[in-house]
Amino acid sequence: KTANGPADEAADDLTLLAERHLVQPWPVSGSIGAEARGRLDAGEGIYVTDASGRRLIDGPAGMWCVNAGHRNRELAEVMASQAMELSYNSPWYTTNAPSVILSARLAEHAPDGVDHVFYTTGGSSAVETALRFMQFANNVKGRPEKKLIVSRQGGYHGSTYLSASLNGRPRDHDWMDSASDLVVKLSCPDPFRRPDGMSVEAFCDFLVEEFRQVIEEKGADRIGAFIAEPVMASGGVIVPPPGYLRRMQDLCRRNDILFIADEVVTAFGRLGHVFASKEVFGIEPDMITFAKGVTSGYFPLGGVMIAGRLFEELRRSNHSEAMFAHGLTYSSHPVGCAVALKNLDILEGGLLAHARAVSDHFQQSLKALEELPLVGEVRGLGLMACVECVADRASKNPLTLDLEVGKRIDRHCQELGLLVRPLIHMCVMSPPLTISLEQIDDMVSILRRGIELTMDDLTREGLWKG
Ligand code: PLP
């Protein structure tokens with residue numbers, strides 16, 4: 001109707017067209033199919049420009065993904081030149097150079113022996129692939145009962161049926177079906193919300209013991225995998241107690257349970273390294289899922305790093321005809337892999353070092369926001385952080401959903417030039433890794449003002465006592 005000119009004047013308006021035709025992620029029934037979200041028209045470095053022409057700092061780097069910043073010419077050009085060279089090949093019958101070279105380079109960064117890659121189209125399909133591979137491997141190894149997946153409350157792993165079944169954030173399952181019979185959920189390793197009077201060390205013991213008990217109760221012969229984000233991202237940037245991940249890995253090793261590190265957010269520089277598992281946490285998972293920052297969000301690509309040992313076991317099995325019947329049309333996409341290679345050049349060529357160099361200032365500046373009475377805790381690692389608001393510090397009572405504190409802060413910050421990722425009563429910050437010390441100061445001072453204005457509003461409306 002609009003291809004040869006607008007059928008009516010209203011059709012010209014992108015907001016109206018969005019309301020009529022576009023469905024965006026995580027809609028609610030009250031506005032589903034009739035919603036238009038704020039539009040962004042351009043980006044440059046750490047900034048985006050909205051439809052009104054206002055320039056905003058991109059606080060969440062899109063969705064934790066625009067690590068190299070917006071409008072990076074090298075990434076744009078490699079995308080165009082690869083599309084002109086070879087735009088697509090079927091991974092069913094052929095391969096391409098960028099995907100092969102990228103695999104070898106990723107293997108150099110992954111823990112020893114985690115040296116194979118299966119490419120997907122994003123994080124959910126990466127998690128789905130890791131889990132289906134675990135199921136397949138256990139079928140081939142003659143132990144079809146060993147399929148349970150252990151995840152954690154507060155975790156987020158995706159939006160496909162199986163990956164979504166692992167999610168443990170509040171509200172994720174209220175209205176959605178899931179494969180709950182395949183999943184066991186452990187407690188969220190959130191030191192801020194540990195039981196009153198318990199030390200962080202004792203909390204860590206409690207979490208490890210909980211996993212040990214689950215293994216005992218369900219039986220190691222029924223548990224196929226444990227999956228964990230090294231730092232829980234969408235759950236509110238939860239940094240687990242020191243030693244927690246290593247101890248969970250020990251339990252996995254002793255019980256022949258595959259450890260899947262979901263590094264969809266933490267990889268590609270967010271914590272200062274290509275992969276964070278070994279460098280930051282000293283763990284060597286059997287599989288590592290990744291996406292987002294692998295192309296700095298310029299192309300939808302994800303993948304799973306898989307330990308070569310797991311393939312050797314299959315090659316030695318008695319079922320040489322058993323097929324891993326799993327693949328995506330866009331697995332190993334040449335354009336995506338070419339972008340990822342250039343992105344890796346940028347990371348290795350100084351961006352990882354820059355991210356490591358500015359992260360202390362980033363964390364310390366944000367930490368100072370704990371002076372504000374609405375802020376219960378600021379926590380984070382590398383270039384990811386979360387400001388958690390509470391009604392009062394003593395009870396740590398999160399301000400309820402109806403107050404939409406995160407959204408209120410975001411609205412004020414947008415007026416002042418900062419885009420925030422609001423999560424109920426929390427604000428998540430994960431800017432492009434290119435951010436300078438000065439830009440960090442700008443970001444934090446706008447966020448501070450946004451929180452102060454929100455405190456004023458809540459007090460005026462009688463919703464918060466301060
Ligand atoms: N795993 C983690 C840790 C994530 O944060 C996300 C997305 O935010 C996913 C998986 C799913 O990735 P995608 O949205 O690319 O499917």
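**Notebook: salt bridges, a sheet and a helix pair**

I started with Arg-39, which is partly exposed at 34% relative accessibility (buried is under 20% relative accessible area, exposed over 50%, partly exposed in between, with a 1.4 Å probe and protein chains only). This is a predicted model, where local features need pLDDT of at least 70 and side-chain atom pairs count only at pLDDT 80 or more, while totals for chains, interfaces and linings use all residues. Residues are numbered from 1 along each chain as its sequence is written, and side-chain values use heavy atoms, with hydrogens and water left out.

**Salt bridges**

I looked up the partner of Arg-39: Asp-41 forms a salt bridge with Arg-39, with the closest N and O atoms 3.0 Å apart (a side-chain nitrogen of Lys or Arg within 4 Å of a carboxyl oxygen of Asp or Glu). Asp-41 is partly exposed too, at 46%.

Next I checked Arg-105, which bridges to Glu-348 with 2.7 Å between the closest N and O atoms. This pair links distant parts of the chain, 243 residues apart: Arg-105 is in helix α4 (97-109) and Glu-348 in helix α11 (334-367). Helices here are DSSP runs of H or I with at least four residues, strands are E runs of at least two, and both are numbered from the N terminus. Arg-105 is buried at 18%, whereas Glu-348 is partly exposed at 39%.

I traced an open sheet of four strands, ordered β1-β2-β3-β13, with mixed pairing (two strands pair if DSSP finds at least two bridges between them). Its edge strands are β1 (40-44) and β13 (418-419), each pairing on one side only. β3 (55-58) pairs with β13 in the parallel sense over two bridges, and Ile-57 stands opposite Leu-418 in β13. Helix α13 (437-460) lies across β2 (47-50), β3 and β13, at about 100° to β3.

**The helix pair**

Last, I looked at α5 (123-140) and α10 (308-316), whose axes come within 10 Å and cross at roughly 35°. Axes are lines fitted to C-alpha atoms, for helices over the stretch in contact, and angles run from 0 to 180 degrees between N-to-C directions. In α5, I found Phe-133, Phe-136, Ala-137 and Val-140 meeting Leu-310, Phe-311 and Leu-314 in α10 (contact means heavy atoms within 4.5 Å).
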